[in-house]
Amino acid sequence: VLTVGSAGGIALYAFWILSQRYDPGIEGVLSSIGLIFLSLMVTILGVYIAAKAVFAPSVRRAWLLIALASLANAVAEALWLYYDSILNVNPFPSLADVFYLLFYPLMLAGILSLPFTPQKRDKRFLLGLDMAIVMTVGALFLWYFILAPAHLNGEGRLAGLVALAYPVADLFILAGIVSLIQRDLEEVGRVVLIFLSGSMLFTSLADVLFAILETNSIPYVMPPL
């Protein structure tokens, strides 16, 4: 019910934004409140799973870390709302980015803590090779489209450096997605892993688009991102 309700709310928000009839001031407040709600919902449910003794210790530890990652995201959104709507100052870069970036190592630690299926040495080697390929291709993409243009443009200001930190952190998220291949489906559940992968892919897509626009000084509107 929570998932369907949240998806419906996001669909309504998307329709509102795409209609081009929104008030930027109202949108900023509503989007931040929505993101805080979603993050806190994940935090509460993650803590609930972590507190249930019926689950394996690895599952409980993983969801506690995922809950902490979501809590960091909620704090970041609350700070963003405070800077943007109350203080009326540009929230990027700010203390909010510290908590935004904290999301990545906590989420990766949670993913890696999920129970995994024991594999033979050759399969572990192939998985490691797959992760190396993903990381290499991702690094080349970031260098060609983000890091190199930023270097040529002399990008050194704090906003540019913080913007670059997000896609770099996404490389670790991509590694986490690949690592989901070896998770134990009986302990975790295929549907859970699909949703986790989708969530991280959408996060990475938004981060990369944001970094490309920011480091190349391309005008953009935040709500579509």
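Predicted model: local features only at pLDDT ≥ 70, side-chain atom pairs only at ≥ 80, totals over all residues.
**Helical architecture, aromatic cluster and nonpolar surface patch**

Residues are numbered from 1 along each chain as its sequence is written, and side-chain values use heavy atoms, without hydrogens and water.

The nonpolar patch covers about 370 Å² and consists of Leu-40, Val-47, Leu-64, Leu-68 and Leu-71. Patch members have over 30% relative accessible area and no salt bridge, and nonpolar side chains (Val, Leu, Ile, Met, Phe, Trp, Tyr) are joined within 5 Å, like charges within 9 Å; a salt bridge places a Lys or Arg side-chain nitrogen within 4 Å of an Asp or Glu carboxyl oxygen. At least two residues of the patch are supplied by each of the helices α2 (24-51) and α3 (57-86). Leu-68, which is located in helix α3, is partly exposed, with a relative accessible area of 38% (buried is under 20%, exposed over 50%, partly exposed in between, with a 1.4 Å probe and protein chains only).

With regard to overall architecture, the protein contains eight helices and zero strands (DSSP runs of H or I with at least four residues, or of E with at least two, numbered from the N terminus), and the order along the sequence is α-α-α-α-α-α-α-α. The radius of gyration of the protein is 19 Å, close to the 17 Å that the globule rule gives for 225 residues, so the protein is as compact as a globular protein of that length (C-alpha atoms; the rule is 2.2 Å times the number of residues to the power 0.38). Along the principal axes, the C-alpha atoms of the protein fill a box of roughly 50 × 45 × 30 Å. Buried residues account for 40% of the 225 residues, while the protein exposes about 13,100 Å², of which carbon and sulfur atoms supply 73% (Shrake-Rupley method, 1.4 Å probe).

Nine aromatic pairs are present in the structure (ring centres within 6.5 Å; planes under 30 degrees apart are stacked, over 60 edge-to-face, the rest tilted). One of these is the edge-to-face pair of Tyr-104 and Tyr-166, with 6.3 Å from centre to centre and 70° between the planes. This pair links distant parts of the chain, given that Tyr-104 belongs to helix α4 (residues 95-113) and Tyr-166, 62 residues apart from it, to helix α6 (residues 158-179). Both Tyr-104 and Tyr-166 are buried, and these two residues belong, together with Phe-92, Phe-103, Phe-210 and Tyr-220, to one aromatic cluster.

Most residues other than glycine have a negative phi, and most peptide bonds are trans. Phe-92, a member of the aromatic cluster, is joined to Pro-93 by a cis peptide bond with an omega of about -5°, and Pro-93 is placed in the loop between α3 and α4. Asn-88 lies in the loop between α3 and α4 and has a positive phi, near 55°, although the residue is not glycine; with a relative accessible area of 61%, Asn-88 is exposed. A positive phi of about 60° is likewise found at Gln-20, also not a glycine, which is situated in the loop between α1 (2-18) and α2 and counts as exposed at 62% relative accessibility.

How values were computed: Phe/Tyr/Trp six-rings, centres within 6.5 Å; stacked < 30°, edge-to-face > 60°.
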